[in-house]
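Subject: Structure for you to look over

Dear colleague,

I am handing over the structure we spoke about, together with my notes on what I found in it. Could you read them against the coordinates when you have a moment?

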Amino acid sequence: RQTGVSASGYTGSAVVPVAPSTSVAVAFWFQPDVTPGRCWPFQGSQGQVVIKLPASIWPAALTVQHMSKRDSPSGSMSSAPKDITVSGLDEEGEATLLGTFMYDLEREALQVFLLKNDLHKAFQYIQILVHSNWGNPEHTCIYRIQVHGKRA
């Protein structure tokens, strides 16, 4: 197990199954609370965050979690991220694409996306680009992001 530290000071650790016979430790989580309204919001439907991990890792998966429709006071999920690109950044800021995903409102609130790391590179910086949300023109909310991998 590895312990992660977020930019806002939260800590946590867990092991999440990402395939039937494998599990990968959580290297980091961003926003551990998924209570309605306790998200990291950004203006509009597009935005990005670059996460500095406590150590370099070989990234294997990314978990994205939004509040469930059942927990939404308005019943709307329009502020949930939709199209997401994940990249690893080297020390010079050069991006290596690790995956492009769609957060699907019809699935469970917690969704795991496997990352591809064809170059077998370790990264201390992970860039999350949100290209669109589910229709809210005013803001997008990120409730929880977890980066899974092994320490380099």
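Read along the sequence, the chain runs β-β-β-β-β-β-β-β-β-β-β-β, which amounts to twelve strands and zero helices. Please keep in mind throughout that this is a predicted model. Of the 152 residues in the chain, 49% are buried, and among the contacts with a separation of 6 or more, 72% are between residues 24 or more positions apart.

In soluble globular proteins, nonpolar side chains tend to be buried together. Here the largest nonpolar core has 23 residues, and those with the most contacts inside it are L62, V86, I126 and I128. Two or more residues of this core are given by each of β6 (47–65), β7 (81–89), β8 (95–102), β10 (123–133) and β12 (144–151), and the largest share, six residues, comes from β6. Leaving out residues up to four places away in sequence, I128 touches G47, Q48, V49, I51, L62, I84, T85, V86 and I145, a list that includes two others of the residues named above, L62 and V86.

Which side chain does the side chain of Q127 join through a polar contact? The partner is Q48, at 2.8 Å. Beyond residues up to four places away in sequence, Q127 touches Q48, V49, V50, T85, V86, S87, L89 and A95.

Apart from its neighbours within four places in sequence, L89 is in contact with V50, E94, A95, F123, Y125 and Q127. L89 and I126 are 37 residues apart in sequence, yet their C-alpha atoms are 6.0 Å apart in space.

L114, in strand β9, is partly exposed at 48% relative accessibility, and its C-alpha atom is separated by 8.8 Å from that of L98, 16 residues apart along the chain. S68, whose place is in the loop between β6 and β7, counts as buried at 17% relative accessibility; the C-alpha atoms of S68 and P36, 32 residues apart along the chain, are separated by 9.0 Å. Residues up to four places away in sequence aside, S68 touches M77 and A109.

Turning to the aromatic residues, the structure holds two aromatic pairs. One of them is formed by W40 and F42, whose ring centres are 5.6 Å apart and whose planes meet at 55°, so the pair is tilted; planes would have to be over 60 degrees apart to count as edge-to-face. Separately, K82 lies over the face of W134, at 4.5 Å from the ring centre.

As for the cysteines, C39 counts as buried at 14% relative accessibility, and C141 is buried as well, with a relative accessible area of 6%. How many disulfides does the model contain? The count comes to zero, on the criterion of cysteine sulfur atoms within 2.5 Å.

H120 lies in the loop between β9 (110–114) and β10, and its phi is near 50°, a positive value in a residue other than glycine. Is H120 buried or exposed? At 65% relative accessibility, H120 counts as exposed, because that value falls in the class over 50%.

With best wishes

Methods. Residues numbered from 1 in each chain as written. Predicted model: local features only at pLDDT ≥ 70, side-chain atom pairs only at ≥ 80, totals over all residues. Heavy atoms only, no water. Core = buried A, V, L, I, M, F, W, Y, C linked by side-chain atoms within 4.5 Å. Buried < 20%, exposed > 50% of the residue type's maximum accessible area, 1.4 Å probe, protein only. Helix = DSSP H or I, 4+ residues; strand = E, 2+ residues; numbered from the N terminus. Contact = heavy atoms within 4.5 Å. Polar contact = N/O pair within 3.5 Å; in protein donor to acceptor, adjacent residues only side chain to side chain. Phe/Tyr/Trp six-rings, centres within 6.5 Å; stacked < 30°, edge-to-face > 60°. Lys NZ or Arg CZ within 6 Å of the ring centre and 35° of its normal.
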